[in-house]
Amino acid sequence: MDRQPAPHPASGEPITVFILDDHELVRRGLKELLEGEGFAVIGMSGSAVEAARRIPALRPDVSVLDARLPDGTGIEVCRDVRSVDPSLVCLILTSYDDEQALRSAVLAGAAGYVLKEIGGSDLLGALRRAAQGESLFDAGLKARVVQGFTEPQRVDPRVAALTPQERRVLELVGEGLTNRQIGEEMLLAEKTVKNYVSSMLAKLGFERRTQAAVFLAQGPQSGSVPRH
């Protein structure tokens with residue numbers, strides 16, 4: 001008996017998926033599982049750099065991204081592709097239950113963070129929920145991530161030196177938004193946002209917004225600063 005397609009809730013077409021994993025057997029196994037359940041796998045890669053280039057062009061309904069890769073991380077890919085197109089949906093797939101990576105996934109705008117030991121039916125359910133626009137993160141977790149960033153007694157001194165507007169810009173940069181998207185979110189002109197970004201980077205001691213995003217994902221409240 002043929003499997004019925006896994007229809008996208010909006011279009012009725014099969015849910016399209018991109019798979020990023022550096023192990024070929026894992027990619028093939030996921031592809032077989034998903035296509036056997038009616039999903040359409042429209043792309044696969046074992047490279048973070050290649051995936052970051054291909055995903056915005058292919059625009060899958062959901063991208064399943066391995067957390068750790070030889071040339072980067074799935075979380076970085078999620079942040080990069082969502083900075084190009086915030087409508088892209090990403091699920092981080094990992095073998096490690098890492099609290100810092102979980103926090104980073106939330107801040108990168110991922111729809112969820114699931115362990116590779118997850119059952120096949122649970123993964124399929126997670127993909128369907130993500131395709132519907134649901135977040136697989138507990139609302140309380142998201143609140144704790146943001147709260148941990150804003151607790152005054154633990155905030156890195158450089159973050160404490162930011163104005164409220166600069167701090168909000170930093171949060172949105174961490175979510176992968178472009179200057180134009182930040183302007184729309186904060187009701188500011190794009191030029192004004194650019195000035196805020198420049199000022200924020202200068203106060204943090206960074207040259208590029210990607211450095212600020214990584215700093216935020218690693219937890220500026222801890223006082224640690226990533227080396228570049």
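## A parallel sheet and its helices

Strands S3 and S6 run parallel and are joined by four bridges. Helices (H or I, at least four residues) and strands (E, at least two) are DSSP runs, numbered from the N terminus. The model is predicted: local features need pLDDT of at least 70, side-chain atom pairs count only at pLDDT 80 or more, and totals for chains, interfaces and linings use all residues. Residues are numbered from 1 along each chain as its sequence is written, and side-chain values use heavy atoms, with hydrogens and water left out.

**The sheet.** Five strands form an open sheet with parallel pairing, in the order S2-S1-S3-S6-S7. Two strands pair if DSSP finds at least two bridges between them. Strand S2 (40-45) and strand S7 (112-115) are the edges, each pairing on one side only. From one strand to the next, the twist averages 20°. Four bridges also join S1 (residues 16-20) to S3 (residues 62-66), and these two run parallel.

| Residue | Opposite residue |
|---|---|
| Val64 | Leu91 in S6 |

**Cover on S3.** Five of the five residues of S3 are buried. Buried means under 20% relative accessible area, exposed over 50%, and partly exposed in between (1.4 Å probe, protein chains only). In a regular strand the side chains alternate between the two faces of the sheet. Val62, Val64 and Asp66 point one way from S3, while Ser63 and Leu65 point the other way.

Contact means heavy atoms within 4.5 Å. Axes are lines fitted to C-alpha atoms, for helices over the stretch in contact, and angles run from 0 to 180 degrees between N-to-C directions.

**Around Pro56.** Pro56 lies in helix H2 (residues 48-58). Leaving aside neighbours within four places in sequence, Pro56 is in contact with Ala51, Val81, Val84 and Leu88. Pro56 and Ser83 are 27 residues apart in sequence and 9.8 Å apart in space, C-alpha to C-alpha.

**H1 against H5.** The axes of helix H1 (residues 24-36) and helix H5 (residues 120-131) come within 11 Å and cross at roughly 70°. H1 is therefore roughly perpendicular to H5; that class covers 65 to 115 degrees, with under 35 roughly parallel, over 145 roughly antiparallel and the rest oblique. Leu30, Leu33 and Leu34 of H1 meet Gly120, Leu123, Leu124 and Leu127 of H5.
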